[in-house]
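I opened a new structure today and kept notes as I went. Here is the model I was looking at.

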Amino acid sequence: MFRSINNNQSELITIYFEGKALRVQKDLNVATALLEAGISNFRETTIKNENRGPYCMMGVCFDCLINIDGMDNQQSCMVKVSDGMKINRQITRNTSQDEQ
Amino acid sequence: MQLLTLLTPKNMSNFDSVVVGGGLIGASIAYGLARSGQRVAMFDEVDNAIRAARGNFGLIWVQGKGANNPYYATWTRQSAKQWPDFSRELKELTGIDLAFEQNGGFDFCLNEVEFADRQIIMEKMTVDSDDEFSYEMLNNSQLKQVLPNIGPAVIGASFSKWDGHVNPLYLLKALHKAFKQLGGKLYINPITDLQHQGKAFQVSTATTNYACEKVILAAGFSNKTLAPKVGLNVPVYPQRGEILVTEKVKPFLHHPTGYVRQTQDGGLLLGDSHEDVGFDEGTNINEIQQIAKRAITIFPYLDSVKIIRAWSSLRILTRDGLPIYDHSESCPGAYALSSHSGVTLAAVHALDVASCIAKGDSLSPSLTCFSAKRFDV
Amino acid sequence: MSNNEYDIIIIGSGPAGISAATLADHHKARVLVLDENCAPGGQLYRAIEKNQKNDNEWLGQSYQDGLPLVEAFRESHVNYQRSAKVWHLSNDKVVHYSVNGKAHAAKGRQILIATGAQERPFPIPGWTLNGVMSAGAAQILLKESGVVCENAVFVGTGPLLYLIAHQYISAGIAIKAIIDTTPRGNYLRAIKYVFGALGSIKNILQGWRWKREIIRSGTLYIYNISDVKINGVNSVVSVEYCQKGKWKNIDCKYVFLHQGITPEINTSLSAGCNKSWNERQACWTIDIDQYGQSSVKGISIAGDASSIAGGVAAAQRGSIAALNMLCNIDIISSNNREVFSKPFKRKLNAEMAARPFIDTLFRPHSRYRVPTSSNTIICRCEEVTLAQIQESIALGCKGPSQLKSFTRCGMGPCQGRLCGLSVSEILAKELRVSAKQIGYYKIRPPIKPVTLGELASLDEA
């Protein structure tokens with residue numbers, strides 16, 4: 001379980017993950033905020049449909065990609081949270097069968 | 001054949017055919033020959049060799065091809081028609097899904113002149129083909145029905161149901177794998193010499209000589225130096241093309257187009273450039289930028305999509321842009337092939353050209369106009 | 001000099017980059033520093049200014065040592081551009097970068113690549129599961145945000161692993177287990193270098209102290225193991241390790257992996273710098289001369305981005321490279337370059353003397369660099385397994401380029417950073433040649449993924 005041990009916590013803001021409101025510290029990046037909220041399943045891979053979450057936290061591995069405010073492929077370890085931000089799990093493969 | 005075996009010294013291996021070149025053309029022919037029951041060796045270059053096969057956009061493209069040469073247009077259509085069976089055959093044999101689709105392609109027009117010119121070309125191709133080829137011209141609003149993301153600056157597009165696409169890297173892998181499964185032998189060793197001896201050929205690498213009855217040159221730019229050794233001439237020159245590849249995005253483009261292609265995994269290929277820079281396989285930031293700009297013009301949505309890689313490869317071109325298919329008169333059994341449409345023509349190369357060569361025939365009469373003799377004038 | 005022209009452009013604001021920048025600024029050079037993070041310090045001294053305010057003393061002295069460097073940097077006149085992603089570097093010394101989605105170009109008379117290191121890939125079964133992160137990630141969470149993970153299992157080898165474990169224990173955070181993969185034979189192999197390392201005995205003693213305190217804390221400390229894997233479907237259920245021929249299981253939800261660090265070579269390679277295989281560090285290093293000058297004229301490399309030597313060495317190497325660049329553009333004489341660089345060289349030599357010992361002791365076992373289990377994922381982005389790589393090698397792939405096109409290995413957004421090293425070594429093993437003969441991926445631009453919009457906007461910037 002991830003938790004903060006900082007003496008001075010920054011003020012709290014609200015972000016939404018899959019529609020659910022989360023109160024998080026405003027100076028966190030998206031990946032850290034989600035981990036602290038107990039979320040580590042950020043996306044589903046395109047080829048094998050496996051769950052993935054953050055791995056390196058320094059912008060190298062691209063495993064923490066997530067949908068932020070409607071945009072796929074955002075590096076959540078490099079983006080700061082902001083009030084009202086809407087975050088969703090990322091699934092870039094085609095989810096509907098009617099196409100193609 | 002028996003006589004040849006007896007005469008062969010110990011450090012020689014024998015083959016019915018040797019294919020020089022392991023790219024899309026070489027591997028298609030080598031696979032086709034092995035498929036016809038030949039004992040075949042394919043010689044490929046080392047890992048960092050110049051390879052057009054790795055820079056392919058993956059289009060099986062008919063519209064516009066051979067507009068000024070009906071033979072080439074026919075040849076292209078012949079391959080396009082065989083592609084569905086060809087991809088199925090490779091999949092059954094190797095288990096590799098080539099991500100083949102042939103549901104028609106769009107070629108965009110970015111201004112009125114381009115649109116008018118395109119229509120003339122398409123019409124000519126239709127007439128030349130006795131109405132076998134068909135096309136449609138769509139304006140922006142018609143295009144929007146099929147491609148909702150199309151940008152307002154796109155005047156229109158030509159559409160042809162003949163066009164398709166495939167993963168060119170998996171095609172190359174499948175050809176190699178199928179070749180191997182049919183008993184073909186792959187050598188990764190550059191050819192140092194090639195000699196015609198009586199009714200046979202001796203192909204040499206730095207360490208070994210190989211004897212064969214037929215030799216097929218599909219070695220890209222190396223054809224230029226190898227061909228004269230067997231009485232052939234392959235005047236080709238490089239033209240650089242740069243391609244961009246993006247991160248994977250949700251499927252939105254279900255047809256191949258001339259500039260943008262979405263692969264089965266969701267990544268986009270964006271093409272391309274035409275640069276006269278000799279054998280420089282580098283990339284140029286200005287060209288990359290032009291490709292990016294054009295892609296955004298066509299699909300404004302791409303503005304926020306990231307490029308993962310830009311790369312270039314060298315097209316193997318002739319002065320008239322048409323392929324070279326030649327059979328040597330002075331050294332019967334020697335063939336030279338050169339084309340920059342290794343994907344589109346893979347089916348005819350593997351099925352038609354290879355079976356002609358396997359039988360020991362001259363190339364089919366429809367290909368005589370592609371002899372390099374046309375440049376001798 | 002126009003607005004976007006600089007005497008020196010430095011990529012990276014870790015110890016090497018900021019030391020170089022501060023020194024060059026002191027000699028009145030016009031300097032631009034570009035860094036992807038939002039504050040200077042690099043990964044080593046990440047968020048050091050913020051932590052100063054927070055008084056988080058469990059981060060330890062070696063971390064606090066970075067503060068003076070960052071403070072001096074902040075006091076300089078250097079043009080520091082944070083949150084800047086460098087995505088193109090041409091051999092004519094033009095740097096393209098983006099800030100907040102806007103692209104910019106800058107031209108330097110000299111370029112310094114100080115992009116530091118990344119963690120070595122640690123491809124074992126289960127390393128892509130949810131809940132598995134790198135030990136570096138645990139460190140970043142701690143330094144950047146004061147976020148920790150209770151009851152995690154740490155697996156691997158290397159100073160960073162002991163450091164983070166020590167920091168956790170100092171902060172009173174429970175660690176479920178530490179599985180130390182340092183090969184037993186390494187201690188013997190390293191012992192002959194111990195005398196050479198006496199010059200920087202402080203570092204070595206500190207390492208021992210960390211380890212001793214970890215063991216004293218009562219944390220489950222497992223060593224002398226022969227294999228390790230992570231179990232779970234989609235997320236971690238347990239870590240399994242093999243000790244004396246027996247597999248044992250530790251139930252857990254979070255695992256932090258570490259197998260040492262390797263240079264960030266993509267930036268240098270994309271600029272055309274030559275590289276070499278470093279057998280002792282088991283990784284690619286970028287060729288530089290004693291001043292940090294690479295094989296490309298006008299492009300220098302300092303710190304771990306050329307070869308791993310740690311943060312203190314990085315600061316010295318940054319200073320030496322800065323003096324050489326100043327000399328190259330006639331701001332100081334070559335005589336002064338020698339005079340001024342003396343103290344830095346002295347300190348660097350002491351640091352370097354300890355490297356053979358450290359490199360040898362923490363050289364990862366080949367099992368953790370080249371996996372043996374065929375369903376292990378090698379390329380995380382394109383989900384390519386060892387079996388797929390082996391199949392393509394059997395088809396005739398002799399090197400990384402053909403392998404890439406047959407398997408898509410290395411074609412994803414991390415641009416080969418999490419598989420390139422493994423691929424070089426897997427090919428070497430399968431083809432029974434050295435990694436040096438195999439080579440590495442051909443690195444193409446962009447250095448980091450960049451949007452089409454950023455690219456297209458370039459000339460308007």
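This is a predicted model: local features need pLDDT of at least 70, side-chain atom pairs count only at pLDDT 80 or more; totals for chains, interfaces and linings use all residues.

**Entry 1: what I am looking at**

**Entry 2: salt bridges**

I started with the charged pairs. How many salt bridges are there over all chains? I got a count of 45.

I looked up one that joins Asp72(A) to Lys250(B), where the closest N and O atoms are 3.4 Å apart. This pair crosses between chains: Asp72(A) sits in strand β7 (residues 71–75) of chain A, and Lys250(B) is in the loop between β12 (237–246) and β13 (260–262) of chain B. Is Asp72(A) buried or exposed? I have Asp72(A) as buried, because its relative accessibility is 19% and the cut-off for buried is under 20%. Lys250(B), at 34% relative accessibility, is partly exposed.

Next I checked Lys173(B) and Glu391(C), whose side chains meet in a salt bridge at 3.4 Å, N to O. That pair also runs between chains, from helix α6 (residues 168–181) of chain B, which holds Lys173(B), to helix α14 (residues 386–394) of chain C, which holds Glu391(C). Lys173(B) is buried with a relative accessible area of 9%, whereas Glu391(C) is partly exposed with 27%.

Then I took a pair within chain C. Asp304(C) and Arg317(C) form a salt bridge, with the closest N and O atoms 4.0 Å apart. The two residues are 13 residues apart, and the pair links distant parts of the chain: Asp304(C) is in the loop between β20 (299–301) and α10 (311–328), while Arg317(C) is in helix α10 of chain C. I found Asp304(C) buried, with a relative accessible area of 11%. Arg317(C) counts as buried too, at 11% relative accessibility.

I also wrote down a network of salt bridges that links Asp27(A), Arg46(C), Lys50(C) and Glu144(C).

**Entry 3: cavities**

A search of the whole structure gave me eight cavities of 30 Å³ or more.

The largest cavity holds about 390 Å³ of space. Which residues lie nearest its centre? Of the 35 residues in the lining of the largest cavity, these are Thr246(B), Lys248(B), Gly267(B), Glu382(C) and Arg408(C). I looked for elements that give two or more residues to this lining and found β4 (43–44) of chain A together with α6, β12 and β15 (306–317) of chain B. The largest share, three residues, comes from β15(B). By class, I have 11 nonpolar, 11 polar and 13 charged residues in the lining of the largest cavity.

The second largest cavity has about 290 Å³ of space. I listed 16 lining residues for this one, with Arg54(B), Arg309(B), Trp311(B), Lys442(C) and Arg444(C) nearest its centre. Two or more residues of the lining come from β15 of chain B and from α15 (400–407) of chain C. Here β15(B) gives the largest share, four residues. I divided the lining of the second largest cavity into four nonpolar, five polar and seven charged residues.

**Entry 4: a sheet in chain B**

I picked out an open sheet of three strands in chain B, in the order β4-β6-β5, with antiparallel pairing. Which strands stand at the edges? They are β4 (105–109) and β5 (136–139) of chain B; each has a single partner strand, so one side of each is left without a neighbour in the sheet. On average, neighbouring strands of this sheet are turned by 25 degrees against each other, direction ignored.

I looked at one pairing in detail. β5(B) pairs with strand β6 (residues 156–160) of chain B in the antiparallel sense, over four bridges. In this part, I saw that Glu136(B) stands opposite Phe159(B) in β6(B).

Last, I checked the backbone. I found a cis peptide bond from Pro445(C) to Pro446(C), with omega near -5 degrees. Pro446(C) lies in the loop between α17 (435–438) and β23 (450–451) of chain C.

Phe62(A) is a residue other than glycine with a positive phi, near 60 degrees. I placed Phe62(A) in the loop between β5 (51–52) and β6 (65–68) of chain A, and Phe62(A) is buried at 5% relative accessibility.

Ala99(B) also has a positive phi, near 55 degrees. I found Ala99(B) in the loop between α3 (70–94) and β4 of chain B, buried with a relative accessible area of 16%.

Notes:
Residues are numbered from 1 along each chain as its sequence is written. Chains are lettered from A and ligands numbered from 1 in the order in which they are written. Side-chain values use heavy atoms; hydrogens and water are left out. Buried means under 20% relative accessible area, exposed over 50%, partly exposed in between (1.4 Å probe, protein chains only). On a 1 Å grid over the protein atoms alone, a cavity is a set of points where a 1.4 Å probe fits but cannot get out, and a pocket is an open set with protein on both sides within 12 Å along at least five of seven lines; lining residues have an atom within 4 Å of a point. Grid points are joined across faces, edges and corners, and a volume is the space filled by probe spheres set on the points. Ala, Val, Leu, Ile, Met, Phe, Trp, Tyr, Cys and Pro count as nonpolar, Asp, Glu, Lys and Arg as charged, and the others, Gly among them, as polar. Two strands pair if DSSP finds at least two bridges between them. Axes are lines fitted to C-alpha atoms, for helices over the stretch in contact, and angles run from 0 to 180 degrees between N-to-C directions.
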